[in-house]
Structures are given as structure tokens and as C-alpha cells.
Amino acid sequence: MDSVDLTVFKTLQKWLQADLNVWLVTVVKTFGSSPRQPGAMLVLREDGVLVGSVSGGCIEDDLVSKAQLGELPTERAELAVYGVTREEAQRFNLPCGGTLELVIEPIKNADWVEKVLNAISAHRLIKRDLQLSSLQTHCSDAKASDTAVQISDQQLSVVYGPRWRLLIIGAGQTSVYLANMAQALDYQVSICEPRDAMRESWDIQDVELLNMMPDDAVLAMQPDAHTAIVALTHDPKLDDMALLEALKSAAFYVGALGSKKNNANRRQRLAMFDLSAMEIDRLHGPVGLPIGSRTPPEIAIAILAELIDLRRNHHINKASATVKAPSVCN
């Protein structure tokens, strides 16, 4: 399952090969309560067909109309602002006086698209610098700490690719659903599976399969504040090995599959080792939000819902006090 970035760029490449006029639209700034965050994007072709989103449907209609009427820029990238006045906010259904700034970029040279696609497919971050007036583009390696979007009078810089990592312990059925869904959310996914029989049945593409013990996998990953670790083997020997290292790490999320009783027993076992009470309290177990999930895909959804909640409430909002939680555009 492709991430949003990958889907947009694959579509962009396909339409360029068909010799269609194409625009890439990127959210570069938001003010107030805005539907999407900086870096959100869509690709739009001359007949009004689009893939991606910058507002949840409100502003897309205006962009489609302008594309069909030939009113979009053709020789340079231009900045468009939606929602400045009360009338515009009402017209485009931007809640609470929210404002979006977009860069509308006609795509003339497709060479950089292949570079971006290759980087994203390889789970690497890549930065693209665009000269607004000339449409010249330069691509370079990027780091997770780099600002996602930067805009000046002359240049737009955007970082693409997975900024978040997910290490899953165990290659079982729940892991299959979790890995696929996590990739769609721009996670770089790794699976640790030391059991030969379980590795033989794993066939999910674009996921790193690690043949090592779980504690070694955690140490090798060097978890940071953009890393989540989830133990799903249901084997205490394997899951606990991972948790002993994960709970001491900087990972923003550490979870383990199992009932409340099993996780209570797990916490007692972990207390016998060199973990503090505060470190053990970091464990999310039972894993995921309590939404009544039973089946493997439902459990995967519950886990990812909890990751989304933690990312939005503890990473993005703390990083920028000026950007509020996104609202639905209706």
C-alpha cells in the first residue's frame, strides 16, 4: 500500500508520460484551523482530474475550475492564498477563519520525479529545492530533523519520504496488516523475526526483514523520538527481549500485544530487570486504542490510531503552537 507522497508522484509521472499539462499543488503555510498541514499536496491535470488533497475537497473544486478554464500558471510557480477574508473563508468552507497558502507549480521537467520516487521507495528522505520563477529543481538527501516545508520569495523547499519508523517484533498475521497500513502513513517499516518458519511466509514488499534477536534489532535501530516499536509475537521470551531495550530508548511509542492480565504479568517480569517504574509505565499494553478490536486488521487499526493520536498531540502540536488540529472541511 503506497504512501500519499508515493501515490501523488506515481500519478504525476504517469500523466507526464501521456503528454498532459500537469500541476503540482503544495500546502506551504497554514494559519488558524486549517484542513491540511504544510507538505500536503495534490497533482492536477488540465481536464480537472486530480489525485491527492490540500483541503479535503473545498479548495480542490476551485483549482479544478481554474485548470479547466486555463487560469493556472504555465511558466512559473505561483503562490495562492485561500481564506484571507471572511467572505473567502465562507466560500471555501475554511473553518474558524483558517487560511491556506499554496504553491501551484506547472511541471515542465520530469527528471526530478524519478529521483524523488526512487528515494521514497527506498525509504530515504529527499529534499527538493524549486526556484519559483524558473522552475529549476535540485534534489538532495534530507534528515528527519529538516523542516518539512520552507518558502521564500524565490524558492520552495520540500522534504518527501518517511519521517517515522516502525519496528514490529514478529512476522505474524497482525504484522502483515500493520506493516501495510503503516506504509500508507509514511512509516519506514522493519520486521524483526528470528524464527525461520515465520520468515519463510513473509512476503510484504518494501519492508525490511531482520533475521536477529529482538533486543539486537532494537539496539541496531537506535530508536529516536520518531520511532515506534510494537511487539506482536505472543511469545514472552521474544517480546520481553525487545521491550527490555525499547523501554529504555527514546522511542515515542512502545507497545505489546496481549490481554490486560498478560500485560500485568509482563510488567511484573520486566520489573525483575534493570527497568525503572517510570520506564515500565511507558509500555502501551494492551497495545492500541480500546476500540473493541478483535481481528488482526482491527488490531492493526487500533495500533495505528494510537500512533496517530500520539504523533498529533505530542509531536506536531508541541512543535508548532500556531498550527491547530486540522478540522474537516464541509
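Colleague: Which elements do the buried residues of H8 pack against?
Modeller: In this predicted model, the buried residues of H8 pack against S10, helix H7 (214–221), strand S13 (227–231), strand S14 (253–256), helix H9 (260–270) and strand S15 (283–284). Contact here is heavy atoms within 4.5 Å, and helices (H or I, at least four residues) and strands (E, at least two) are DSSP runs, numbered from the N terminus.

Colleague: What should I know about the numbering and the cut-offs on confidence?
Modeller: Residues are numbered from 1 along each chain as its sequence is written, and side-chain values use heavy atoms, with hydrogens and water left out. As this is a predicted model, local features need pLDDT of at least 70 and side-chain atom pairs count only at pLDDT 80 or more, while totals for chains, interfaces and linings use all residues.

Colleague: Back to H8, which of its residues are buried?
Modeller: Helix H8 covers residues 236–246, and Leu-238, Asp-239, Asp-240, Ala-242, Leu-243, Leu-244 and Ala-246 are its buried residues. Buried means under 20% relative accessible area, exposed means over 50%, and partly exposed is in between, using a 1.4 Å probe and protein chains only.

Colleague: And what caps the N-terminal end of H8?
Modeller: Asp-235 does, with a side-chain oxygen 3.0 Å from the backbone nitrogen of Lys-237. In the loop between S13 and H8 you will also find His-234, whose phi is near 70°, a positive value in a residue other than glycine. His-234 counts as exposed because its relative accessible area is 53%.

Colleague: Where is the cis bond, then?
Modeller: The cis peptide bond joins Gly-285 and Pro-286, with omega at about 5°, and Pro-286 sits in the loop between S15 and H11. Pro-286 also belongs to the lining of the second largest pocket, where Gly-258, Pro-286, Val-287, Pro-290 and Ser-293 are the ones nearest the centre out of 15 lining residues.

Colleague: How is a pocket defined, and how much space lies in this one?
Modeller: On a 1 Å grid over the protein atoms alone, a pocket is an open set of points where a 1.4 Å probe fits, with protein on both sides within 12 Å along at least five of seven lines, and lining residues have an atom within 4 Å of a point. The second largest pocket holds about 320 Å³ of space, a volume being the space filled by probe spheres set on the points, which are joined across faces, edges and corners.

Colleague: Changing topic, what is around Arg-165 in S10?
Modeller: Arg-165 lies in strand S10, residues 164–169, and it counts as buried because its relative accessibility is 18%. Leaving out residues up to four places away in sequence, Arg-165 touches several residues, including Tyr-187, Gln-188, Asp-224 and His-226. Its side chain also reaches the backbone oxygen of Met-221 at 2.9 Å.

Colleague: What about Ser-157, buried or exposed?
Modeller: Ser-157, in strand S9, is buried because its relative accessible area is 7%. A polar contact of 2.5 Å joins its side chain to that of Asp-129; such a contact is a pair of N or O atoms within 3.5 Å, where within protein one must be able to donate a hydrogen and the other to accept it, and residues adjacent in sequence count only if both atoms are side-chain atoms.

Colleague: Which residues of the largest nonpolar core touch the most other members?
Modeller: Of its 29 residues, these are Phe-9, Leu-12, Leu-24, Trp-112, Val-116, Leu-156 and Tyr-160. Several elements each supply at least two residues of this core, among them helix H1 (4–17), helix H4 (111–121) and strand S9 (155–160). Apart from it lies another core, of 26 residues, including Leu-166 and Ala-300. A nonpolar core is a set of buried Ala, Val, Leu, Ile, Met, Phe, Trp, Tyr and Cys residues joined through side-chain atoms within 4.5 Å.

Colleague: How many helices and strands are there overall?
Modeller: The protein has 11 helices and 15 strands, and buried residues make up 48% of its 330 residues.
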